[in-house]
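Please look through the sequence and the model below before reading on. The notes that follow are meant to be read with both in view.

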Amino acid sequence: MRGNKIVLFVPLTVMIGLFIMGYMTLNQTEQVTNEELINFVQLAAETENNNGETELRVNWQWGDFPSDGLRGAGFIEITPVDEAGEPVDFEIMDTRLLLTQSAEIIYERDHFEQGEEGIFAQFPNRAEDNIYYGPLGEVTVTFSDLSGTAEYIEVSYYHTWEDLDMKEGTSVRDILNEGSGEYWELQRLERLP
């Protein structure tokens, strides 16, 4: 009978030790706020010419979730610019925004708003029934011929952790400045091929 006590005692001790170590590790993990999240976001952009049309692909991925809650809105703004960084005229053939989770599309939008200088789209940042909207997404925009006018495409990714109302014909900055100013912006300048 004494030998059986050791058989029960050792696994129980190991399980309690693992639980305590896991709990301590989780409590010591540095937590990221929405404001600090900018340091954990990867934003990539690439362009390709296809039969006189220019296709822009933008992807973003968060490396962490904010400890103060997944909420608010994200914005993506696309502006073709010349060598001096000034916006140029352009024509859009097609737009598409996708939010994904585990390789599944969880949100889709085909309509972008026309802003003062470029085009933009708003998308949700929220958690709902174990579905996380916002941390992983991609945008595809197809422009008619940009050769001779644009040298770059400026991509701006905005993250805000407050709920904002979008209004037609305004810029992203106008929408964000109507709120409390709780947002940040990442930019990429992609040279056209």
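This briefing goes from the whole chain to its sheet, its cores and a few single residues.

The structure is a predicted model, in which local features need pLDDT of at least 70 and side-chain atom pairs count only at pLDDT 80 or more, while totals for chains, interfaces and linings use all residues. Residues are numbered from 1 along each chain as its sequence is written, and side-chain values use heavy atoms, with hydrogens and water left out.

**Whole chain**

- The protein chain holds two helices and twelve strands, where helices (H or I, at least four residues) and strands (E, at least two) are DSSP runs numbered from the N terminus.
- Along the sequence, the elements follow the pattern α-β-β-β-β-β-β-β-β-β-β-β-α-β.
- Of the 193 residues in the protein chain, 37% are buried; buried means under 20% relative accessible area, exposed means over 50%, and partly exposed lies in between, with a 1.4 Å probe and protein chains only.
- Among contacts (heavy atoms within 4.5 Å) between residues at least 6 apart in sequence, 72% join residues at least 24 apart.

**Sheet**

- Five strands form an open sheet in the order β6-β7-β3-β11-β12, with antiparallel pairing; two strands pair if DSSP finds at least two bridges between them.
- The edge strands of this sheet are β6 (113–114) and β12, each of which pairs on one side only.
- β11 and β12 pair in the antiparallel sense over nine bridges, and Y152 stands opposite R191 in β12.
- In general, strands of a sheet pair through backbone hydrogen bonds, either parallel or antiparallel.

**Nonpolar cores**

- A nonpolar core is a set of buried Ala, Val, Leu, Ile, Met, Phe, Trp, Tyr and Cys residues joined through side-chain atoms within 4.5 Å, and in the largest one, of 32 residues, V58, W60, I76, I78, L97 and Y157 touch the most other members.
- The elements that give two or more residues to this core are β1, β2, β3 (73–81), β4, β7 (119–124), β10 (136–143), β11 and β12, and β2 gives the most, with four residues.
- Apart from this core lies another, of eight residues, among them A73, F120, L164 and V172.
- Leaving out residues up to four places away in sequence, V58 touches several residues, including L43, I76, I78, V139 and V155.

**Loop residues**

- N51, in the loop between β1 (41–50) and β2 (53–62), has a positive phi of about 50° although it is not a glycine, and N51 is exposed, with a relative accessible area of 84%.
- S102, in the loop between β4 (92–101) and β5 (104–109), also has a positive phi, near 50°, and S102 is exposed at 64% relative accessible area.
- As background, most residues other than glycine have a negative phi.
- S171 lies in the loop between β11 (152–160) and α2 (172–177) and counts as buried, at 9% relative accessibility.
- A polar atom of the S171 side chain lies 3.1 Å from the backbone nitrogen of D174, and S171 touches E116 and F120, not counting residues up to four places away in sequence.

**P193**

- P193 is found in the segment after β12 (183–191) and is exposed, with a relative accessible area of 61%.
- P193 and E46 are 147 residues apart in sequence and 9.4 Å apart in space, C-alpha to C-alpha.
- Not counting residues up to four places away in sequence, P193 touches T47, E48 and N49.

Technical notes
A polar contact is a pair of N or O atoms within 3.5 Å; within protein, one must be able to donate a hydrogen and the other to accept it, and residues adjacent in sequence count only if both atoms are side-chain atoms.
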